[in-house]
Amino acid sequence: ISLSQLVQKNDIIEFDDGNTTTIIDGSRPIRHVYYILNKPSGYLCSRRHVIQLKGGGKALDPRPTVYDYLPTNDRPYANSIGRLDVDTTGILFFTSDGLLCDRLANPMYKVAKTYRCTLRSKEPLSEDAIHQLQVVGVKLPHAKGAVVRGKVWNVDSNINNNNNEDTIDDTTTSSTTNDDSTDNNDKNTNKKNNNNDQKNNDNNGALVDLQIYGGYTHQVKLMMSLIKRPLRLLHRRTFANLSSDLLCEGECRPMNRKEIHHLYDLASSER
């Protein structure tokens with residue numbers, strides 16, 4: 001972009017130092033950061049906080065958080081778009097753009113999230129159970145009785161089934177670079193797709209994919225529990241059509257230009 005060139009809504013402007021700024025809804029440009037993580041199990045989706053000790057007193061929660069994966073300079077500004085339970089794995093976004101964060105998490109914008117569910121039993125979902133989840137819906141007691149539904153299908157444990165959803169397969173090198181390395185370089189040593197392969201080949205439970213737009217607390221776990229099919233493992237495979245297959249488990253990187261544009265396209269209009 002030249003110095004005198006006019007910018008339009010949703011334009012993403014890149015600077016020589018690798019930072020970006022975005023014009024959205026006519027607001028003034030603000031520099032923002034964007035990251036994508038394939039979250040491993042055992043990490044909190046919150047900043048480290050103080051916990052109450054059983055014997056009295058307080059201490060910092062010793063468990064690691066997903067923010068440990070971000071470069072030190074960006075940690076104070078980036079927030080996760082939604083959360084995953086500490087034992088749930090999968091794709092997670094971070095940004096300093098609060099409006100983008102709110103819109104991607106708002107069901108009004110119909111940004112899909114697909115979860116790979118490993119059930120505690122080997123039997124696949126029955127037609128009645130699928131009908132209950134997709135058509136009738138289930139009532140969440142903790143969400144003021146909200147009735148939620150989702151697209152659901154059984155998955156063959158011997159194959160990687162991607163036939164029911166469209167994903168963006170963009171492994172282009174990120175257009176944003178960070179000289180400030182994270183404190184967690186040793187975490188990016190797992191083989192790509194290892195986490196997903198475990199989910200796809202787990203013989204201890206049937207595999208089900210569930211796609212939802214909402215984001216109530218523990219929504220997927222509760223939906224499956226309410227139809228008497230509790231989970232053994234939960235992995236978020238896709239969010240906004242971006243797949244966890246793009247990263248190794250525990251890998252975090254800046255989003256590239258195509259991914260950032262895609263998120264702003266989703267956030268710019270109600271559907």
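The largest pocket in this predicted model has a volume of about 500 Å³. Its lining takes in 25 residues, and those nearest the centre are Arg83, Leu84, Asp85, Tyr216 and His218. Strand 9 (113-119), helix 4 (219-226) and strand 14 are the elements that give two or more residues to this lining.

Setting aside neighbours within four places in sequence, Tyr216 is in contact with Leu140, His142, Ala143, Ala146 and Val148. Tyr216 and Gly82 are 134 residues apart in sequence, yet their C-alpha atoms are 9.7 Å apart in space. As for His218, its phi is near 55°, a positive value in a residue other than glycine.

Is Ala240 buried or exposed? Ala240 is buried, because its relative accessible area is 2%, and buried means under 20%. This residue belongs to the loop between strand 14 and strand 15 (242-243), and its phi, too, is a positive value near 55° in a residue other than glycine.

Thr89 is placed in strand 8. The side chains of Thr89 and His235 are joined by a polar contact of 2.7 Å. The table puts the accessibility of these residues side by side.

| Residue | Relative accessibility | Class |
|---|---|---|
| Thr89 | 5% | buried |
| Tyr216 | 40% | partly exposed |
| His218 | 42% | partly exposed |
| Ala240 | 2% | buried |

Now step back to the whole chain. The protein has 5 helices and 16 strands, and 48% of its 271 residues count as buried. Among contacts between residues at least 6 apart in sequence, 70% join residues at least 24 apart.

What about the interior? In soluble globular proteins, nonpolar side chains tend to be buried together. Here the largest nonpolar core has 37 residues, and Phe94, Cys117 and Leu125 have the most contacts inside it. Leu125 touches Leu119, Ile130, Leu133, Val152, Asn154, Val208, Met224, Ile227 and Arg229, not counting residues up to four places away in sequence. There is also a second, separate core of 21 residues, which includes Ile36, Leu242, Met255 and Tyr264.

Finally, have a look at helix 1, which spans residues 98-105. Which of its residues are buried? They are Leu100, Cys101, Arg103 and Leu104. The cover over the buried residues of helix 1 includes strand 4 (34-39), strand 7 (79-80), strand 8 (89-95), strand 14 (231-239) and helix 5 (257-267). Strand 8, part of that cover, is also the place of Thr89. At the start of helix 1, a side-chain oxygen of Asp97 reaches to within 3.1 Å of the backbone nitrogen of Leu99.

Methods: Residues numbered from 1 in each chain as written. Predicted model: local features only at pLDDT ≥ 70, side-chain atom pairs only at ≥ 80, totals over all residues. Heavy atoms only, no water. Buried < 20%, exposed > 50% of the residue type's maximum accessible area, 1.4 Å probe, protein only. Helix = DSSP H or I, 4+ residues; strand = E, 2+ residues; numbered from the N terminus. Contact = heavy atoms within 4.5 Å. Polar contact = N/O pair within 3.5 Å; in protein donor to acceptor, adjacent residues only side chain to side chain. Core = buried A, V, L, I, M, F, W, Y, C linked by side-chain atoms within 4.5 Å. 1 Å grid on protein atoms, 1.4 Å probe; cavity = no way out; pocket = protein on both sides within 12 Å on 5 of 7 lines; lining within 4 Å. Points joined across faces, edges and corners; volume = space filled by probe spheres on them.
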